[in-house]
Amino acid sequence: MRIHQAYHERPDAMMQPSDLTLVQMGWRPFFSEQVAAEERNDCQPVRVMSVHRGMVTVSGEGIEDSISSSLPVPGGAEERPTVGDWLLVDRNTRSLVRILDRSSLFKRPAPGDERRVQLIAANVDTLFIVSSCDQDFNIARLERYLVLARDTGVQPVVVLTKADRSPEPERFVDAARALEPGLRVELINGRDPTSAARLAGYCGLGKTVALVGSSGVGKSTLVNTLKGSDSIATQAVREGDGKGQHTTTVREMHRIAGGANEGGWLVDTPGMRELQMSEVSSGVTEVFDDVTAVALTCRFANCTHGSEPGCLVRAAMANGHLDSARFERWRKLAQENADNSATAAVRRNRSAKAKTKR
């Protein structure tokens, strides 16, 4: 099987055969129902395994290679291929025809440029929010990832790594579980196959799991262990501040170990130092349902929960029914989301106008 060869080194190469079926790659009725009868004759579905500048590596039944990522008609910020996408390509020319609708899409405002959006991964079934049992553990960061998962409709699982290096790893588990009722939290040693094997249940046939988290928390180590190989480079965390260096530079799909008919897919992503919120109102509401429930009872619809008389949010914090630190995190995220969502709306309007002119 050659799925993880460096296709991008030979962008002009002829398509190579793949021995995987579409079902093994994650194909399901949601995607097949989007393909018209006439398209089945002229086009072939392929899945994006990794994204490079101007190219995407793809795999399908009998196909495994690198193709241009250019669409026949350029679209908006989200109308470009990302890892995990399903594409239709012309059977004869192998050119990209269109991107199939996604069952899920993780994205964020591009760091340093609020006018752009960065696509993280598409068609994900489960999100592993990876944090380590050390100074990297950060409740506010975990909440941000939970907001993304809930807004996208993808099951989140908090994966706490480096359990073997902490004298009290259970306190990190308790802190993570306190974020929301029923949240799944897994405590593992990412280098130990027996420990990491507890995560294999999320990675069944055709399933796709994306890993997100800061640099140095052990995402690449965990992927290597679940793959049963050490093909992904890893680096040590700096001792001074516990921060890791960016080892993963490309979002790429990897097949989990487990035999031809068992393993699903893992998407390793570069560590994110900045995760801005945009267009995730439902996710914010769901993750902070305790805060929003109280806020909705305020006597003024536009209450800022500051100095207004009769503010029930302030009253709830005063009597201990609402944690003030959690409220401040909610307010920050809600405002950030509102600001970035407004920017995104302007961006879409500009893109629509540009399309009309063309």
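Biologist: Is threonine 269 buried or partly exposed?

Modeller: Threonine 269 counts as buried, at 1% relative accessibility. Buried means under 20% relative accessible area, exposed over 50%, and partly exposed in between, with a 1.4 Å probe and protein chains only. Please note that this is a predicted model, in which local features need pLDDT of at least 70 and side-chain atom pairs count only at pLDDT 80 or more, while totals for chains, interfaces and linings use all residues. Residues are numbered from 1 along each chain as its sequence is written, and side-chain values use heavy atoms, with hydrogens and water left out.

Biologist: Where is threonine 269 placed, and what does its side chain reach?

Modeller: Threonine 269 sits in the loop between β13 (265-268) and α7 (281-287). Helices (H or I, at least four residues) and strands (E, at least two) are DSSP runs, numbered from the N terminus. The side chain of threonine 269 reaches the backbone oxygen of leucine 211 at 2.6 Å. Its C-alpha atom is separated by 9.6 Å from that of serine 215, 54 residues apart along the chain.

Biologist: And threonine 57: which side chain does it contact?

Modeller: Threonine 57 makes a side-chain to side-chain polar contact with serine 50, at 2.5 Å. A polar contact is a pair of N or O atoms within 3.5 Å; within protein, one must be able to donate a hydrogen and the other to accept it, and residues adjacent in sequence count only if both atoms are side-chain atoms. Threonine 57 is found in strand β2 (residues 55-60) and is buried, with a relative accessible area of 1%.

Biologist: Let us turn to the whole chain. How many helices and strands does it have?

Modeller: There are 10 helices and 13 strands in the chain. Of its 358 residues, 51% are buried. The chain exposes about 17200 Å², and carbon and sulfur atoms supply 49% of that area; accessible areas come from the Shrake-Rupley method with a 1.4 Å probe, and for residues only the protein chains shown count as cover.

Biologist: Which residues have the most contacts inside the largest nonpolar core?

Modeller: They are Leu127, Val147, Leu160, Phe288 and Val313, in a core of 60 residues. A nonpolar core is a set of buried Ala, Val, Leu, Ile, Met, Phe, Trp, Tyr and Cys residues joined through side-chain atoms within 4.5 Å. Helix α3 gives the largest share of this core, six residues. Another core lies apart from it, with 17 residues, among them Ala196, Leu199, Val209 and Leu266.

Biologist: What does valine 313 touch?

Modeller: Not counting residues up to four places away in sequence, valine 313 touches Val294, Ala295, Cys298, His305, Leu322 and Phe327. Contact means heavy atoms within 4.5 Å.

Biologist: Why is α6 described as largely enclosed?

Modeller: Nine of the nine residues of helix α6 (residues 219-227) are buried, so the rest of the structure largely encloses it. Those buried residues pack against β8, β9, α5 (193-196), β11 (208-212), β12 (252-255) and β13. Just after α6, glycine 228 takes a positive phi of about 80 degrees.

Biologist: Which residues of α4 are buried?

Modeller: In helix α4 (residues 169-177), the buried residues are Pro169, Phe172, Val173 and Ala176. Seen down the axis of α4, they fall within an arc of 100 degrees, so they line one face of the helix; the arc is that of the directions from the helix axis to the C-beta atoms. They pack against β9 (155-161) and β10 (184-187).

Biologist: How many aromatic pairs does a search of the whole structure find?

Modeller: The search finds seven. Rings of Phe, Tyr and Trp (its six-membered ring) pair if their centres lie within 6.5 Å; planes under 30 degrees apart count as stacked, over 60 as edge-to-face and the rest as tilted. Tryptophan 27 and tryptophan 86 form an edge-to-face pair, 4.8 Å centre to centre with 70 degrees between the planes. Tryptophan 27 lies in the segment before α1 (29-32) and tryptophan 86 in strand β4 (residues 86-90), so the pair ties together parts that are 59 residues apart in sequence.

Biologist: Which residues form one aromatic cluster?

Modeller: That cluster is formed by Trp27, Phe30, Phe31 and Trp86.
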